[in-house]
Amino acid sequence: MKKKMILTGIISKAAIAAMLLFGLVLMGCPTDAGDGGDPATVTGVTVSPATVVIKQGGTKTFSAAVNGTNSPAQTVTWTIVTTGVAESTKFAGNVLTIAAGESKTTITVKAVSTADTSKEGAATVKIVPSGTTEATIDALNGFLSDGAVSEVLALTAEGFADLDETALASVKTAVEAVLAAFGGLSPEAKALLGTEKATLDYLLAVIVSIETGGTTPETKPEALIDFIGETLTGLTAGADYTVNDGAKTADPSGTIAIESIWFDTMLSIKKTGNGTTTVDSEAQSLAVPARPAISGVMAIQPAIIGGTGGINGTTSAMEYKRSTDSGWTAISGSSVTGLATGSYAVRVKAAAGSFKSAEVSITISPFGATLEVTPAAVIDYVNEKLTGLTASANYSVNTIGKSADVSGTIAIESIWFGTTLSIKKTGDGTTTVDSEAQSLAVPARPAISGVMAIQPAVIGGTGGINGTTSAMEYKHSTDSGWTAILGSSVTGLATGSYAVRIKAAESSFKSEEVSITINAFTGTAETKPNAAINYATEKFTGLTANANYTVNDGAKTADASGTIAIESIWFGTTLSIKKTGDGTTTTDSAAQSLPIPARPGAPGVLAIQPTSIGGTGGINGTTSNMEYKRSADSGWTAITGSSVTGLAAGSYAVRIKATASAFKSAEVSITINAFTGTAETKPNAAINYATEKLTGLANGSYTINSSNVIVSDGTYSIASLISTSSSVSLSIVKKGNGTTTTDSVAQSLTIPARPGAPSVSGGVGVITGATAAMEYSANGTSGWTAYSGSAAAGTYYVRVKQTGSNFAGTVSGWVVVTVPFAIGDTGPGGGIIFYVSTEGFINTLTGETCHYLEAAPADMSTTLAWASSDYTATFINGAQGYTLGEGAANTAAILEADPDAPAAKACNEYSYGSKTDWFLPNNPEFALMWAAIGGNLNTSTFYWVSGSGANDKAMRMNPINCIQEIDYKYCTYNVRAVRAF
C-alpha cells in the first residue's frame, strides 16, 4: 500500500512547479495596563522556498513564517550567510538579487526574527550562468521541490523488485519523465544536479533489468571534446568503448585521444558491455569539428643589411615557432617583428570551442645591398678643400675614413700635397656598400723668394717689407687674417714678426710662408736729474720747467717753476727719479737716488671735555710750535701756549708746524664731546586693578602719552583712561633735570578694557546668566556681593568682579529675583510643580532656559489616540526627542505632520490658569512627573507620551512602574499636559 502511495506521489509531481508562502499577523491593543496578556514567544522561523535556483543577474522573492505562541511579530531581517559574494549580490527587503558576475555557485541566506534574534531560518540558493533559459530555471526549481523524487531515490533494487508489474511500469514512467526534464537542462544545470541524475539513471537501469530479466545496457556515454588537449573527456576511467566501431579504452583520467581521421566527422560512441551482466550502451552521436582554416599571413622581409623580418596578417588567436624549434610562442597583435632570417610555422591556437589550425610555412630571406655612386671630387685651391661630395656623407681617402661637411667638402691635409688620392664613398651598412675609387692628383705648393725687412729710422717709427708683388699677401704673426699686397713693397708696419706668402689662385695653392722681423729704433739717454727738497712747500725743486720725469716708475711733469709736489707715500722712502726721453731721438736718463725724511709724529695732546650740558671744551698739552684747526675748516690757527680753551663740541686736528729742515708733523685728531648727562631710571609702573591707579612710580615729573604729570605719592589715577571698548596703550617717561640727567627710556604699559555689562536677567531665587566671576549690588555703587549661584528676592545691579588682572566691569541694568517654587506647589498655570532645576534646562522649541515643569491638575477628560486615522502608519520626523526639554518640540513636530493628532492637539489647545504653552511630555518628562506626583495619575490604563517609535507605533508609559513601551498609534490612552517655565 505504501509503495502505491509513493507511485501516486511520483505521478502527481511529474509536472514541476514552485509555490511562495506568505503570512500576516496583526497586533491588538491591550486595554489594561496591569494585565496585558501572556507575552508572545518565538519558537522558530520557516523560510520558503528552502532550496531555489537563481541565474546570475536574476532575483527571487522569499517569505518567512515566524512560528510561536501568542501571535509573535512576523517581521524578519534578511541576510546572506556565505562570505565573499559579489557586492551587488544583496537583499532589498525580502527580495534577493544575484550579481551579474557572481562567482559563487551555492550560497546560504537566512531570516532572523526581529522579536527574538536567537531564532532564524535558512535557505540554500544554487546559482547558474546568466545564459540559462527561464524554462531551465523552472525545471530546476521543480526538480528540487518535487518530494516524490527523494522518495524514489530512497528505494533500493529490492524495493523495485517487490513492485507488481503495473506499479513497476508506473514508476519507470515517472523516472523517465524526470530524466526527460533533466535532459533539457543546460550543461551547468546538469553539473549542479549531477548526483541526483546519476542515481535516477542507475535506478532506471535496474527497472529495465527487472523488466527484461536479463542483462542491463551500459550507460549511454556523454563524452565531451577537449579542444586544447584534443581528447574525448567525461568517460569512465579504464572503461572500454567503441568509436565508429573501433575499440578504444579510456585512460585513468577518463579520456580518449582524438585521431586525425575523426576531424570534421560525426562519431558514434558506445560503452562496451562486460558480456556478463551488461550489454553495449546506446550510441552517443558526437560531431567533431574540422581544424579551422588559416589564411592571410605572409612574410615581412628585412629592409636593411643584417636587418630582421617578421610575419604580417596575424591575430592574437595565433602562435608561431621557428621550424627547428619545438615550443610555440603566442602572438599578441596583427604582426610579429624582429625575426631573424629562416623558416617559420604559424597556426591558430586551440581554444575552448575549437581545435588548433593546420600550420602555414613562412620564409624570411636576407637583404641584398646596392653599390654607392663613385665620387667626382674637385680641388678648391683657395680653401684647400675637396668639393663636389655628398653633404655629411662618409668617404675613405687613401683608406682613411673621412666625413664630408654640410657643404659636401673635405679639408686637404698637408701630407696630400704633391700626391694622387684614392677616394671612395662609404656604404651606409644598411642598404649600400662602398663605391668604386676616384683617382685625383693634388699639386704641390708653389715656392717664394726675394722678400726682406725695411727697418724703422726713429724711436717708435715703422718699418716695412721689400721685394713683394701683387700676387702676395702678409699678416702679423699674432693675427689670423691676411692682407693683400698691391706693389713691390709694404710700409708703415710696427715692430714685430710678419709672415709673407703667394696667394692661392684658381688652379694653384698658396705658397709656404716667409718670416720677416721689424726691430725697434734705439735713441740717446737724457741728463740725470739733480732735484732738492723744499720742506715748507713739500716739493722737489731744481728740475727742468715743464719737462717729463718718472718718480719710482710713475710719470710726473715738472711745473713752470721746475717743481714736483711730494706725495704722502714718498715720506720715509728713497726715490728713483729719471728724466723721460723725447720718444724720437732720446731715451730716459740715469736715475737720481733721493732720500725723503719721514714726516714727524703727531704731537701728544689731549681733549678737555665739557662738564655740563651745553658747556665748551679745549685742547691740553700744546706748545708754541704747534697749530690747530676744526676738521671741517681749511685754514690752521697757531697755538701760543700750553692749552687751547673755549672750543665748541666737535672734531679738531693738531700738528707741529714745518721748518727749513723738517716737514710738518702728522695730525692728531681731537674730539670734544657734548655733555649728555645720565638718563633717568626707566619707570616700572604696575596697575592696581582695585584702586584703578598706576603704582610703583618715583616722585617727580613724568610724561604719560605726551602729557606732563607730577607724581607726589608714588601713584597716578588711570580711571579716566580705562575704555569699555578696547585696551589703551601707555608710554611713561621720567623727565631729566636738564643739567646732569636726561629723560628716561619709555615704559610701555597696556591698560585692559573694562569688561562690558553682563547679559543677565532675573529669575526665581537666581540671577539668570550670572557666574561666579560676577557680583551684584542693590544700588550699583557699593555693597557688592559675589554671586554664588543664588540670590535673595530683590532688585540688583550686576557686574564682572575685579581680579588681579582685570578691572571691575560695567554695571548691568537692574534685574529682579523672585521667590522660587517647590515640588508640589501650585504653579503659575494653576497646575502642580513636579520638577525644579537651579541650573535650568533648555526648552528646544523656544530656546529658553527653564527651571520648572508644571503638570495640568488632571488628565484630559477622555482617552485619546496618538495619531489621527490618516497617520496611524506614518512615521513622524522630528518627534524623536528623548531628553529633558524636548517634549514641546516633539509636540510641534507631531502637529506639523498630523494637525489632527488627538493627544498632541489636546495638549497644545489646553488652557488653564491663563497659560497656553502646554504640551504632550516626552518619556523623561513623564518619568519626572511620575516620580513627583505619581499618586495623582490614573493607573487603570497607559499614558501617551510624545516620542514616535515606528511607522505605526508610538511611545506609551506605564503609570504603575514608569516603564516605557510602544504600541499602535490608533490605541486610546490617558493624556496629561505639562508646561515648562
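**Figure 1. Surroundings of Ser665.** The side chain of Ser665 comes within 2.7 Å of the backbone nitrogen of Ile656, a polar contact (a pair of N or O atoms within 3.5 Å; within protein, one must be able to donate a hydrogen and the other to accept it, and residues adjacent in sequence count only if both atoms are side-chain atoms). The model is predicted: local features need pLDDT of at least 70, side-chain atom pairs count only at pLDDT 80 or more, and totals for chains, interfaces and linings use all residues. Residues are numbered from 1 along each chain as its sequence is written, and side-chain values use heavy atoms, with hydrogens and water left out. Ser665 belongs to the loop between strand S56 (650-656) and strand S57 (668-672); strands (E, at least two residues) and helices (H or I, at least four) are DSSP runs numbered from the N terminus. With a relative accessible area of 3%, Ser665 is buried (under 20%; exposed is over 50% and partly exposed in between, with a 1.4 Å probe and protein chains only). Beyond its neighbours within four places in sequence, the contacts of Ser665 include Pro600, Gly601 and Arg655, where contact means heavy atoms within 4.5 Å.

**Figure 2. Arginines over tryptophan rings.** The charged end of Arg655 is placed over the ring of Trp636, 3.8 Å from its centre. Likewise, Arg501 lies over the face of Trp482, at 3.7 Å from the ring centre. The criterion is NZ of Lys or CZ of Arg within 6 Å of the ring centre and within 35 degrees of the ring normal.

**Figure 3. Aromatic pairs.** The whole structure holds 24 aromatic pairs (rings of Phe, Tyr and Trp, the last by its six-membered ring, with centres within 6.5 Å; planes under 30 degrees apart are stacked, over 60 edge-to-face and the rest tilted). Tyr835 and Phe841 make a tilted pair, because their planes stand at 55 degrees, with ring centres 5.9 Å apart. Phe841 is buried at 8% relative accessibility. Tyr852 and Phe981 are stacked, at 5.0 Å centre to centre and 20 degrees between the planes. Tyr852 lies in strand S73 (residues 849-855) and Phe981 in the segment after strand S79 (978-980), so this pair ties together parts 129 residues apart in sequence. Tyr852 is buried at 3%, whereas Phe981 is partly exposed at 22%.

**Figure 4. A three-stranded open sheet.** The strands follow the order S43-S44-S47 with antiparallel pairing; two strands pair if DSSP finds at least two bridges between them. Strand S43 (532-534) and strand S47 (564-565) are the edges, each pairing on one side only. Strand S44 (residues 539-541) meets S47 over two bridges, and Lys539 has Ala565 of S47 as its bridge partner.
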